[in-house]
Amino acid sequence: MRRKLALALAAVALLISGCTREQWHRFPSPDDLVAAIPWFAVMHRGIAIQPYKMPRQPVEGTVPVTGIEVVPPAIPQNRSTLDRLSNPVQRTASSMERGRDRYEIYCTVCHGSEGRGDGPVAPALANAVRNLTEQRQVDNSDGWIYGTITNGFGALMPEYGSKISPEDRWHVVNYVRLLQGAAQ
Ligand code: HEC
């Protein structure tokens, strides 16, 4: 009798020591027994919603309460279409202030606080970052700059269409104009 008990204990010890950490926590889990009953199993196998996971996708055709954006043509950028986009946001002090706020969050790292293409990340990009105060950039239309922010540019500048709201992108355009004026 004693030998049998010792053997059984040894077997259990072996079984447990072979368990992974996760199995160990589950062993012996009443959950496993409950799941064997079909009626409960439904709950046992329910799809868990992960934190940070969107519980549900919006239905197709859902429009945000702020309205939908007319998306400028993607890369390669179509210059004539972008040039025809008119800036709906007046270049007021408060617009440029909002633009400065967004510019410093999203653009300064590469383009530098004065727009000269000398942000802290520029050397890592082989100094390919454009100087936004150059005449060539001054000559670009508001729509073109808006399109550049929305779609990104070339291989090195990421798109900000998914990160900065359409209205804020126009504020950034207005702020870029202010930087260009300051550099003249
Ligand atoms: C990760 C670095 C990086 C960030 C951040 C970045 N840019 Fe750029 N940007 C670049 C590079 C690099 C180029 C040049 C790309 C090329 O020539 O292929 C460029 C080019 C441009 C151009 C010139 C387009 C042209 O016609 O020559 C504009 C305007 C511009 N960026 C505006 C912005 C604005 C506004 C922001 C912030 C919303 C921003 N960029 C954020 C790297 C960046």
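Which helix holds both D101 and R98, and how many residues apart are they? I started my notes there. The model is predicted.

**Entry 1: the D101 pair.** I found D101 and R98 together in helix α6, three residues apart, about one turn of the helix. Their side chains form a salt bridge, with the closest N and O atoms 3.8 Å apart. The cut-off is 4 Å, so this pair counts. D101 is partly exposed because its relative accessibility is 31%. R98 is partly exposed too, at 33%. I also looked for further partners. R98, D101, R102 and D168 are linked in a network of salt bridges.

Entry 2: I looked at R100 and E97 next. They too lie in α6, three residues apart, about one turn of the helix. R100 has 29% relative accessibility, so I list R100 as partly exposed. E97 has 43% and is also partly exposed. I then checked R116 and E114, which form a salt bridge with closest N and O atoms 3.3 Å apart. R116 is partly exposed at 40%, and E114 is partly exposed at 48%. The count for the structure comes to nine salt bridges.

**Entry 3: the fold.** I read the secondary structure of the protein chain as 10 helices and zero strands. Along the sequence the pattern is α-α-α-α-α-α-α-α-α-α. Of the 184 residues, 29% count as buried.

**Entry 4: cysteines.** I searched the whole structure for disulfides and got zero. I looked up C107 and C110 for burial. C107 sits at 14% relative accessibility, so C107 counts as buried. C110 sits at 18% and is buried as well. The cut-off for buried is under 20%.

**Entry 5: the largest pocket.** I noted about 540 Å³ of space in the largest pocket. Its lining has 27 residues, and the closest to the centre are H111, R130, T148, F153 and M157. Elements giving two or more residues to this lining are α6 (93-106), α7 (108-111), α8 (135-139), α9 (142-151) and α10 (166-183). Which helix gives the most to the lining? It is α9, with four residues.

**Entry 6: a nonpolar patch.** I found V34, I37, W39 and F40 forming a nonpolar patch on the surface. Together they have about 400 Å² of accessible area. V34 lies in helix α3, residues 30-35. Is V34 buried or partly exposed? V34 counts as partly exposed because its relative accessibility is 35%.

Methods:
Residues numbered from 1 in each chain as written. Predicted model: local features only at pLDDT ≥ 70, side-chain atom pairs only at ≥ 80, totals over all residues. Heavy atoms only, no water. Patch = residues over 30% accessible without salt bridge, like charges linked within 9 Å, V, L, I, M, F, W, Y side chains within 5 Å. Areas by Shrake-Rupley, 256 points an atom, 1.4 Å probe, with all protein chains shown as cover. Buried < 20%, exposed > 50% of the residue type's maximum accessible area, 1.4 Å probe, protein only. Disulfide = S-S within 2.5 Å. 1 Å grid on protein atoms, 1.4 Å probe; cavity = no way out; pocket = protein on both sides within 12 Å on 5 of 7 lines; lining within 4 Å. Points joined across faces, edges and corners; volume = space filled by probe spheres on them.
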